[in-house]
Amino acid sequence: MQAGAPLGAPVAVAGAQSRSEDEETLGIKDVKRTATQAFGGGIPKRRSSSRSIKRKKFDDELVESSLVKSSSRVKGPPIIEPIRCSGSEPSSSEKKKVTKSNTALTPPLTMVTTPPPITKRMKKSKQTLQITKDLGRWKPTDDLLLINAVLQTTDLTSVHLGVKFSCRFTLREIKERWYALLYDPVISKLAWQAMRQLHPEAIAAIQSKALFSQGEEALLAKIGSTSQPKLEVFQEVLSKHPSVFHPSRTPKSLLVHWQLLKQYYLLDDQTVQTLPKGDQVLNFSDAEQIVDDQKLKESRDEVLEHELMISDRHQKREIRQLEQELPRWQVLVDSITGMNVPDFDNQTLAALRGRMVRYLMRSREITLGRATKDKQIDVDLSLEGPAWKISRKQGIIKLKNNGDFFIANEGRRPIYIDGRPVLSGNKWKLNNNSVVEIAGLRFVFLINLELISLIKAEAAKMTQQ
């Protein structure tokens, strides 16, 4: 039996080795089975990229996709470690398989980076974009005006009515902006930074436009309306009450506001007179409220329109008669004053009398114009007044055989005969006491009627013969 013991030992050892080998083969098979179950049948033969196609995304898509990626990456497939039996070491082939499986499992681990900070940054940038969009029409000057006005009046309605912003904000918009400046830390911080960047001169100009508070108006209203205060009076008021008045107030601005208070009867010693009850005097606004628009759209008064038309006709007729009688009255005045009684001799056919000079016509044809060194003329109109607008040869006055005088315009500017224009190249008949106007110079054309009557008689005799 002792000799049989050594033989049983090697058999037990061999059985133990065979049992351990079987366990190892079973463990390897279990590892392969679990790997195939985890990765869906092992490593895929065809390679494909897991990255999505790059395209531009909107802000909401960026936030949602980043959240989905972070959750999927954090969860990921579980890492499977091979089951090893105690007292056994894997062979070289098993090590290679395990390393291959580990390399296949490591990429999801490497993809797990830090996505949450990215989403936070994107959320912050989106918030800042929305805040800057919310700033919109509100400028730092508007914010400063709003703050000063509220501090002065403590009433948003009076701010809406009295402050002139860069845009026409409604009362609701002003309230929302004021509450945002008070309770929204982001908007208040941005607005404060923008206001700090304003130029000192712009800040001073905005502060000078601050509304007057009730305390300031109460102190100004104490100054009497009958007095004529000067700047020294308002300077004294400023020095006595520095805590009541705004720091930007000046004596001149106080004087202007006091004048407005006086204009609208808001001073302490002023009272608005009530209208009498019996004989009520209506102002324009009261009468406008009483007027009924429907009555204004009613049919017209035909009788009144007919009377107005008849009176208009009579007035126009009287005006025409006076215009026609004016030359007769002028002749009568000239005959009384002696201006229309020229001293004609036997050789003077007519005379052109102006305000300063009188020109005599002693030939049947004379030329009017402006004399120069190179060209002399019969009637130099420059002796009467400024003649720089008159042509050198402005016109010709000619006496015909029948005793009629005609004037022909040879210059560029028109000649007015009794108010009627005679253009260049045309002619017009001149009568006794005709008014001739040339470039602002007026003349009266006077005819020697006795001499002209003799000429007409001689012309009639010649025609009879």
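This is a predicted model: local features need pLDDT of at least 70, side-chain atom pairs count only at pLDDT 80 or more; totals for chains, interfaces and linings use all residues.

**Entry 1: Gln394 and its surroundings**

I began with Gln394, which touches Leu368, Gly369, Ala408, Asn409, Glu410, Gly411, Arg413, Ile415 and Ile438, leaving out residues up to four places away in sequence. Contact here means heavy atoms within 4.5 Å. I found Gln394 in the loop between strand E4 (379–380) and strand E5 (395–399). Strands (E, at least two residues) and helices (H or I, at least four) are DSSP runs, numbered from the N terminus. Is Gln394 buried or exposed? Its relative accessible area is 1%, so Gln394 is buried. My cut-offs, with a 1.4 Å probe and protein chains only, are under 20% relative accessible area for buried, over 50% for exposed and partly exposed in between.

**Entry 2: ground rules and totals**

Residues are numbered from 1 along each chain as its sequence is written, and side-chain values use heavy atoms, with hydrogens and water left out.

For the totals, I noted 16 helices and 11 strands in the protein. Of its 465 residues, 25% count as buried. Among contacts with a separation of 6 or more, 53% come from residues 24 or more positions apart.

**Entry 3: H5 against H9**

Next I looked at helix H5 (residues 140–153) and helix H9 (residues 200–208), whose axes come within 9 Å and cross at roughly 40°. Axes are lines fitted to C-alpha atoms, for helices over the stretch in contact, and angles run from 0 to 180 degrees between N-to-C directions. H5 and H9 are therefore oblique to each other. On my scale, angles under 35 degrees are roughly parallel, over 145 roughly antiparallel, 65 to 115 roughly perpendicular and the rest oblique.

Which residues make the contact? From H5 they are Thr141, Leu144, Leu145 and Asn148, and from H9 they are Ile203, Ile206 and Gln207. I sorted the residues of this H5 and H9 contact into 4 nonpolar, 3 polar and no charged. The classes are Ala, Val, Leu, Ile, Met, Phe, Trp, Tyr, Cys and Pro as nonpolar, Asp, Glu, Lys and Arg as charged, and the others, Gly among them, as polar.

**Entry 4: H7 and its partners**

I then checked H5 with H7, whose axes come within 11 Å and cross at roughly 90°. H5 and H7 are therefore roughly perpendicular to each other. Asp143, Leu146, Ile147 and Val150 of H5 meet Ile174, Arg177, Trp178 and Leu181 of H7. That H5 and H7 contact divides into 6 nonpolar, no polar and 2 charged residues.

For H7 and helix H8 (residues 185–196), the axes come within 6 Å and cross at roughly 95°. On the H7 side I listed Arg177, Ala180, Leu181 and Tyr183, and on the H8 side Pro185, Ile187, Ser188 and Ala191.

**Entry 5: rings**

Rings of Phe, Tyr and Trp (its six-membered ring) pair if their centres lie within 6.5 Å, with planes under 30 degrees apart stacked, over 60 edge-to-face and the rest tilted. I count 6 aromatic pairs by this rule. Trp138 and Phe165 have ring centres 5.7 Å apart and planes at 70°, so the pair is edge-to-face. Trp138 is buried at 12% relative accessible area, and Phe165 is buried at 11%. Ring pairs join Trp138, Phe165 and Phe169 into a cluster.
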